[in-house]
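User: I want to learn how to read helix packing and ligand contacts. Can we work through an example?

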Amino acid sequence: MKVAVFGGTGFLGQRIVERLLDKGFEVRAVSRQTRRAITTVGSEAKAPEQVKADILERSSIGPAIAGSDAVVNAVSLYVEHGDLTFERMHVTAAADLASAARQAGVERLVHISGIGADPRSASRYIKARGRGEDAVRNSFPDTIVLRSAVMIGPGDAFLTTLVRLVRLLPVYPLFGQGATRLQPVYVGDVAEAVSRLLADPIQDVSTFEVGGPRILRYRELVREIARTIGVHPILVPMPFAAWSALAVVAEFLPTPPFTRNQVDLMRQDNVTTAGMPGLPELGIEPRDIEQVIRMIEGTGIKTRA
Ligand SMILES: NC(=O)c1ccc[n+]([C@@H]2O[C@H](COP(=O)([O-])OP(=O)(O)OC[C@H]3O[C@@H](n4cnc5c(N)ncnc54)[C@H](OP(=O)(O)O)[C@@H]3O)[C@@H](O)[C@H]2O)c1
């Protein structure tokens, strides 16, 4: 089976590429810049085909997916810039990819979305994610939507930053009271889920929600990190309005430490919906957060490039 992974060089995408290569798929990693050409699977070095394409340019999508049996959309946009909006990336471009996939006779499309995606949300980001799911299904009715909780692992933007800050700051500011419930999931488990959705016989399910093994309030997560790395910060509540104002400034930095959409996501619980199929239904036992913190520690706390 040939799979084109849009966003195949990203945090999640590169793990998906690795899993698929490991399972013997032919893989094409699609992104605007090519990087990380070789991946080591066991002792054997394998490389995906690397193709440059921009999902925002309709004409570049067709050649990038030509000959593929399956397509994965793991493209992201976390900060809007000018006319590069969440709507354009997560709705219009995602639907363009879906309709190109249908026209090309692709059998399976896996669309990565986020838990909480809601077309009626007041948040531009969350709304675009919800509208995107609908738009993709309109273009490719059998799309499998995989909504993920916040993903963690070496090189992530969330836990790595938290570990670094918890180590650094004697007084730690929480999002609001720190009461938001989160279910961080190891990125490798999400990649494994995608590979199973492609490898296994088609299930009669079109939406999966994947989360980690534990639900923690934000302040409990900070305490868990502090305990694991052996520090004792004082946790101080900080209003969401103050975070949103700071995020406006932070978004001017080349690599923003946090963004308005992340603050919006932190305002509401981000956990899987009861009864929705997820990792257990795919036969995956999710990795515990403590193990992931140790993995991040072991890599010398790198931040995402
Ligand atoms: N990270 C999380 O915690 C999390 C949680 C829930 C859901 N998700 C979702 O998971 C998906 C992957 O997220 P991620 O964190 O892995 O993203 P990421 O690390 O930012 O990677 C994004 C990938 O998309 C490519 N890309 C960006 N713009 C593109 C364009 N115009 N055309 C083609 N390729 C483009 C990037 O490569 P180039 O820049 O070279 O093009 C890169 O390969 C997204 O849908 C995200 O919303 C992520």
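Analyst: Helix 5 passes helix 7 in a right-handed crossing. Right-handed means the near helix is turned clockwise from the far one by less than a right angle; anticlockwise is left-handed. Helices are DSSP runs (H or I, at least four residues), numbered from the N terminus. This is a predicted model: local features need pLDDT of at least 70, side-chain atom pairs count only at pLDDT 80 or more, and totals for chains, interfaces and linings use all residues. Residues are numbered from 1 along each chain as its sequence is written, and side-chain values use heavy atoms, leaving out hydrogens and water.

User: At what angle do helix 5 and helix 7 cross?

Analyst: Axes are lines fitted to C-alpha atoms over the stretch in contact, and angles run from 0 to 180 degrees between N-to-C directions. Here, helix 5 (residues 159–168) and helix 7 (residues 218–229) cross at roughly 65°, their axes coming within 10 Å. That makes helix 5 roughly perpendicular to helix 7 (65 to 115 degrees).

User: Which residues of helix 5 and helix 7 meet?

Analyst: Contact means heavy atoms within 4.5 Å. In helix 5, the residues include Leu159, Leu162 and Val163; among their partners in helix 7 are Tyr218, Leu221 and Ile225.

User: Which residues are closest to the ligand?

Analyst: A residue counts as near if one of its heavy atoms lies within 4 Å. The ligand is surrounded by 27 residues, the closest being Thr9, Arg32, Ser76, Tyr78 and Arg129.

User: How far is the polar side-chain atom of Arg32 from an oxygen atom of the ligand?

Analyst: A polar contact is a pair of N or O atoms within 3.5 Å. For Arg32, the distance is 2.7 Å. A side-chain N or O atom of Ser76 also lies 2.7 Å from a ligand oxygen. Gly10 uses a backbone N or O atom, 3.0 Å from an oxygen of the ligand.

Notes: Helix = DSSP H or I, 4+ residues; strand = E, 2+ residues; numbered from the N terminus. Parallel < 35°, antiparallel > 145°, perpendicular 65-115°, else oblique. Polar contact = N/O pair within 3.5 Å; in protein donor to acceptor, adjacent residues only side chain to side chain.
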